[in-house]
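Hello,

Here is the structure I promised to pass on to you. Please have a look at it first, and then read my notes below.

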Amino acid sequence: MAPIPKTMKGVTIEKTGGVEVLQYKTDLPMPTVKEGQVLVKNELSGINYIDTYFRTGLYPAPSFPYILGRDASGVVQQVGTGETYSLKEGDKVVYMAQSTYAEYTAAPALHVKKLPSDINAETAIAAMLQGLTAITLIREAHPVKSGDWVLVHAAAGGVGLLLVQMLKDIGAKVIATCSKGKIDLVKKYNPELIIDYGNEDFKAKVLEITKGEGVAAVFDGVGKTTFDGSLDCVARKGSMVSFGNASGAVEPFKIARLSAKNAKLLRPTLFGYMATREEFEKYTTELFDFIKKGMEVKVHETYPLKDVAKAHEELEGRKSSGKLLLKI
Ligand code: NDP
């Protein structure tokens, strides 16, 4: 193992704002490994929509300066004390942790997975956080059954493309929404219906195809602009799963609205379903099984770390489909 340097490159924010607050630096202090952590030298870091929430201040950063990023792939350099789940120096891994837009990350071993020999690192990292999100949405938030009608917003996105494929695999009937320019891409995965929600009334179309009944579950990561219409699409005893805010935070609403359909409202976060190693193992194993069965993991583009601002602009500007990655 090469000696660990004292400083590293990475991208920090010192205040919240637009992409101009993203600062590429080459002299950041090396993270120190605490109990239950491993130090990973990153090769690819994932970009997730949540990174933009921390950058803009929609979600508060724990402190400043703050290194963004939530998932990455790389090689273990050091193993800390305590429970580290048999991870060893030199292991190639994929993982979830804070502060992955950097050359090195001290990651909680709880969320670090040794890369299986039959899955390449790029596919694994491109599927990691967004794929685990998709799995826990359909297994935990609303356990979807074969034959269920389901509505997936932003179906061409990182979470969306994986969610559509998993739902089709379990036999759900999928209604997908996306921007007009992404329809052909989503078509590849054979949803029952694709709606251009920028120009068409998605609620009317959902109620038409489900003969007025609505869908067993809505998976809505768009938030502010779709929440109201989504709630009206839920069938009797169905679930409204609001899991993100790409268009802005959902406005407060009157819970009495749920009584019209005896609907359930959920606002889950992935980490709430990944609190134990058992949960993490169960769902990473299932994610890798989906990949081995042929689930396509689309990478939109891999950007050099110093071009992170361009990547954020494309993600927020709705120019991307699938996963955006950073080459460290
Ligand atoms: P995506 O790749 O899905 O990008 C977001 C997509 O949202 C865009 O491509 C765009 O697709 C759509 N969108 C609709 N309205 C807007 C708008 N006003 N501005 C920007 N985009 C818009 O991102 P991710 O896959 O990383 O995340 C998807 C959602 O899932 C996010 O809300 C994210 O926060 C959430 N999430 C939540 C998790 C949790 O634990 N709760 C974990 C992971 C993700 P189009 O052009 O087709 O409209």
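How many residues surround the ligand, and which are the closest? The ligand has 29 residues around it, and Ser179, Lys182, Tyr197, Gly221 and Leu270 are the closest (a residue is near a molecule if one of its heavy atoms lies within 4 Å of it).

Before going on, a word on the basis. This is a predicted model, in which local features need pLDDT of at least 70 and side-chain atom pairs count only at pLDDT 80 or more, while totals for chains, interfaces and linings use all residues. Residues are numbered from 1 along each chain as its sequence is written, and side-chain values use heavy atoms, with hydrogens and water left out.

**The ligand**

In tyrosine 197, a side-chain N or O atom is 2.5 Å from an oxygen atom of the ligand. Leucine 270 has a backbone N or O atom 2.6 Å from an oxygen atom of the ligand. For alanine 246, a polar backbone atom is 3.3 Å from a nitrogen atom of the ligand. The ligand taken alone exposes 890 Å², of which the protein buries 91% (accessible areas come from the Shrake-Rupley method with a 1.4 Å probe).

**Pockets**

A pocket is found on a 1 Å grid over the protein atoms alone, as an open set of points with protein on both sides within 12 Å along at least five of seven lines; lining residues have an atom within 4 Å of a point. Grid points are joined across faces, edges and corners, and a volume is the space filled by probe spheres set on the points.

The largest pocket holds about 1,200 Å³ of space. It is lined by 49 residues, and Tyr49, Tyr53, Val159, Gly221 and Ala246 are the closest to its centre. Helix 2 gives the most to this lining, with five residues (helices are DSSP runs of H or I with at least four residues, strands are runs of E with at least two, and both are numbered from the N terminus). Domain 1 (7-115 + 298-327) and domain 2 (130-271) each give at least three residues to the lining of the largest pocket; the domain bounds come from an automatic or database domain assignment.

The second largest pocket has a volume of about 310 Å³. Among its 16 lining residues, Pro31, Thr32, Ile67, Ser99 and Ala106 are the closest to the centre. Strand 7 (104-108) is one of the elements that give two or more residues to this lining, and strand 7 gives the most, with four.

**The cavity**

In a cavity, a 1.4 Å probe fits but cannot get out. The whole structure has one cavity of 30 Å³ or more, and the volume of the largest cavity is about 50 Å³. Its lining includes Ala126, Gln130, Leu161, Glu296 and Lys323. Helix 3 (158-169) is one of the elements giving two or more residues, and helix 3 gives the most, with four.

Aspartate 201 caps the N-terminal end of helix 5 (residues 202-209), with a side-chain oxygen 3.2 Å from the backbone nitrogen of lysine 203. Lysine 211, which follows helix 5, has a positive phi near 55 degrees.

Happy browsing!

Conventions
Polar contact = N/O pair within 3.5 Å; in protein donor to acceptor, adjacent residues only side chain to side chain.
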